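Biologist: I am new to reading protein models. Could you walk me through one, a feature at a time?

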Amino acid sequence: MTNISRRAFIAASSAFAGSLALPALAQTAMESPSLQAAVDSGKLPPIADRLPLNPLVVTPLDRPGTQGGTWNHALVGGGSLSMLVRYQGYEPLVRFTPDWSGVTPNVAESYEVSADSKTYTFTLRKGMKWSDGHPYTTEDIRFWYEDIYTNPDVSMGGQPFWFAGGKLGELEVVDEVTFKVKFAEPNGFFAQQLAWAQQDQVTRAPKHYLKQFHIKYNPDADALAKERGLESWIALFQRECGLAQDNDFFQNSKRPTLNAWMFTIAPGEDTERAVAVRNPYYFKIDTEGTQLPYFDQINYQMVADPQVLLLKTLQGEIDMMDQYIGTPANKPVLFDAQDSGNFHFYTLKESAANVMVFQLNLNHTDPVKNELYNNGDFRRALSVSIDRQALIDAVFVGQGSPAQPSIVEGDPLYNERLAKQFTEYDPDKANAMLDAIVPEKDSEGYRLDASGRRLTIIFEIDQVRSTFLDMFQLAIPMFQAVGVDAQIRTMDRSLWEVRVRNGRDFDATAHQFGANSGVAAMLDARYFVPFNPNAIYAPGWALYFTDPQHENAIEPPADVKTQQELYKQLLATGDQAKQKELMQQLLENAADQFLTFGVSLPPDGYGVVKNDMVNTMPVMPNSFGWPTPGPSMPEQFFKA
């Protein structure tokens with residue numbers, strides 16, 4: 001976690017509008033110049049009628065801004081739309097503070113937790129509205145819970161934190177702004193889980209819009225689906241709600257939103273760009289009564305690959321970016337171009353569990369490969385066949401040291417065995433271990449599996465991750481040197497999502513993220529226990545954690561089931577000492593199981609931001625759970 005020097009930003013920005021003075025601020029809020037004509041013509045209500053009674057008052061990081069202007073941005077590869085949550089899609093009930101020290105009310109005006117962590121009470125903002133002006137109330141919460149999440153026809157799973165003690169939390173709607181979630185057992189991390197990126201489904205399900213696609217509310221929903229080329233209302237509803245994954249969610253400019261900006265041209269609706277404009281009903285104002293966001297719109301250029309992104313950044317066409325561009329290889333070029341490109345660097349405190357995690361598919365549909373990949377010694381042999389220092393020197397300019405996916409040294413959860421085991425480069429040891437498992441070889445020296453086939457492992461990789469490709473250029477010959485015919489297959493992110501994240505027929509992949517410290521590691525323990533779709537190495541086991549009865553769920557071996565039960569205990573308790581104790585045991589078990597292997601814990605990263613961008617944080621965490629820079633409140637960014 002990182003701290004920022006201007007603590008007032010954290011304190012004031014995390015405050016919610018609950019004092020007697022704040023409704024007066026809402027009544028005297030200033031109208032946006034870009035919306036004035038619509039108000040004057042009667043097409044849009046005046047601002048006092050658009051804001052909730054108690055809007056969230058944000059104290060800008062540096063200074064209050066003025067409305068107007070365009071944030072020039074980019075999306076790379078067309079398939080990685082999940083990154084949009086970082087810029088305009090992070091509006092959960094409660095959100096992480098800018099320094100990641102806790103959670104604070106956001107869409108919810110307030111919340112309370114019972115002493116036993118079994119009952120959570122949320123109060124919404126009275127008078128809050130969706131981007132089309134329709135009220136946002138507990139009916140939207142009820143609709144998500146009853147008609148989506150617990151509806152067996154349309155439920156897309158996920159959201160395991162709504163369970164405690166094996167039982168689903170009970171929703172109790174008190175009135176139009178108050179609801180409770182009651183659990184049978186303590187659920188100590190429920191608020192933090194709601195704040196985690198992509199977990200905010202209760203703020204993404206507008207009942208008044210989505211019910212037209214739901215058979216419960218529209219008897220003609222099946223006919224409507226067929227008109228749109230789909231077999232049933234279920235397929236249509238799942239597409240329109242977009243809750244399966246963010247790649248679906250953001251590809252819809254018609255669905256109302258609570259976000260600061262709403263798409264007028266959504267990704268996929270145009271091949272060259274996506275455009276989002278200010279939400280006239282957005283629920284936040286600054287300390288001077290100006291409705292946020294400051295920017296009138298965001299323009300995203302659809303960029304083919306990271307090299308094109310680099311060129312556009314050097315030419316000054318990108319206002320702020322770190323994803324896909326903040327690589328070690330790019331840093332010297334960007335450093336030299338700061339004056340001509342009119343930008344400077346900001347620092348990212350890396351929170352990822354590793355710079356790259358090798359993941360064999362432990363739920364492979366091929367029984368021979370599945371058995372081999374599930375042999376822990378096979379994974380350990382591959383691990384010691386890698387010269388990690390060579391990868392670190394070549395790709396990260398020597399910044400880093402060999403490590404497995406693990407906890408950063410110095411954190412109370414640090415486990416040296418987990419971090420350092422099987423990181424030595426020892427091809428002789430790798431060969432000896434492999435000789436005991438797959439001794440037979442073909443005429444070219446490649447090993448043969450139990451069915452007599454050449455032992456080929458194809459790593460399927462998202463092509464926009466240039467550092468991954470650079471590391472694999474070195475790693476592939478190392479695997480081949482010990483008789484494993486390793487290959488790499490690159491693809492567009494959208495295809496990777498289908499083939500790998502949502503498939504079972506792939507051999508292996510590599511990914512990053514996870515978390516390497518504190519509470520973040522407890523919430524995103526993907527490499528230590530398969531519990532959600534981010535555990536790409538074991539999709540069937542991960543589904544078993546959430547929904548054991550699902551047709552694609554696979555019952556894990558006993559040690560992994562034990563690990564999953566331990567993780568459920570961790571998520572249930574609100575006792576911090578018990579949380580630490582359970583997490584330490586979970587990490588010790590993970591060291592035994594050795595489910596994945598990595599290269600190095602990451603050095604701090606960087607991003608680039610134009611010199612005229614105001615209110616951006618100079619130092620911030622780099623994480624998807626704390627969706628950089630989302631919790632720093634992009635709605636208060638503006639250009640001087």
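**Reading a predicted model**

Modeller: Thr121 is found in strand 6, which covers residues 119-124. Keep in mind that this is a predicted model.

Biologist: Is Thr121 buried or exposed?

Modeller: We look at the relative accessibility of a residue, and under 20% means buried. Thr121 has 17% relative accessibility, so Thr121 counts as buried.

Biologist: Which residues is Thr121 in contact with, leaving aside its neighbours within four places in sequence?

Modeller: There we find Ser110, Tyr111 and Glu112, together with Thr178, Phe179 and Lys180.

Biologist: Can we try a residue in a helix now?

Modeller: Take Asp140, whose place is in helix 6, residues 138-149. The relative accessible area of Asp140 is 3%, and under 20% counts as buried, so Asp140 is buried.

Biologist: Which residues does Asp140 touch, not counting those up to four places away in sequence?

Modeller: Asp140 touches Trp130 and Pro135, and also Ala205, Pro206 and Lys207. There is a distance to look at as well: Asp140 and His208 are 68 residues apart along the chain, and their C-alpha atoms are separated by 8.2 Å.

Biologist: What share of the contacts in the protein with a separation of 6 or more comes from residues 24 or more positions apart?

Modeller: Such residues account for 70% of those contacts. As for burial, 58% of the 640 residues of the protein count as buried.

Biologist: How many helices and strands are there in the protein?

Modeller: The protein has 25 helices and 25 strands. Its radius of gyration is 25 Å, close to the 26 Å that the globule rule gives for 640 residues, so the protein is as compact as a globular protein of that length. Along the principal axes, the C-alpha trace spans about 80 × 60 × 55 Å.

Biologist: And how do I read a pocket?

Modeller: The general idea is that rolling a probe the size of a water molecule over the atoms shows where empty space is left. In this structure, the second largest pocket holds about 630 Å³ of space. Its lining has 29 residues, and the closest to its centre are Gly326, Thr327, Pro328, Glu350 and Phe396.

Biologist: Which elements give two or more residues to the lining of the second largest pocket?

Modeller: They are strand 16 (343-350), helix 20 (466-481) and strand 22 (605-610). Helix 20 supplies the largest share, 3 residues. By class, the lining of this pocket has 14 nonpolar, 10 polar and 5 charged residues.

Key:
Residues are numbered from 1 along each chain as its sequence is written. This is a predicted model: local features need pLDDT of at least 70, side-chain atom pairs count only at pLDDT 80 or more; totals for chains, interfaces and linings use all residues. Side-chain values use heavy atoms; hydrogens and water are left out. On a 1 Å grid over the protein atoms alone, a cavity is a set of points where a 1.4 Å probe fits but cannot get out, and a pocket is an open set with protein on both sides within 12 Å along at least five of seven lines; lining residues have an atom within 4 Å of a point. Grid points are joined across faces, edges and corners, and a volume is the space filled by probe spheres set on the points. Helices (H or I, at least four residues) and strands (E, at least two) are DSSP runs, numbered from the N terminus. Ala, Val, Leu, Ile, Met, Phe, Trp, Tyr, Cys and Pro count as nonpolar, Asp, Glu, Lys and Arg as charged, and the others, Gly among them, as polar. The radius of gyration is taken over C-alpha atoms; the globule rule is 2.2 Å times the number of residues to the power 0.38. Buried means under 20% relative accessible area, exposed over 50%, partly exposed in between (1.4 Å probe, protein chains only). Contact means heavy atoms within 4.5 Å.
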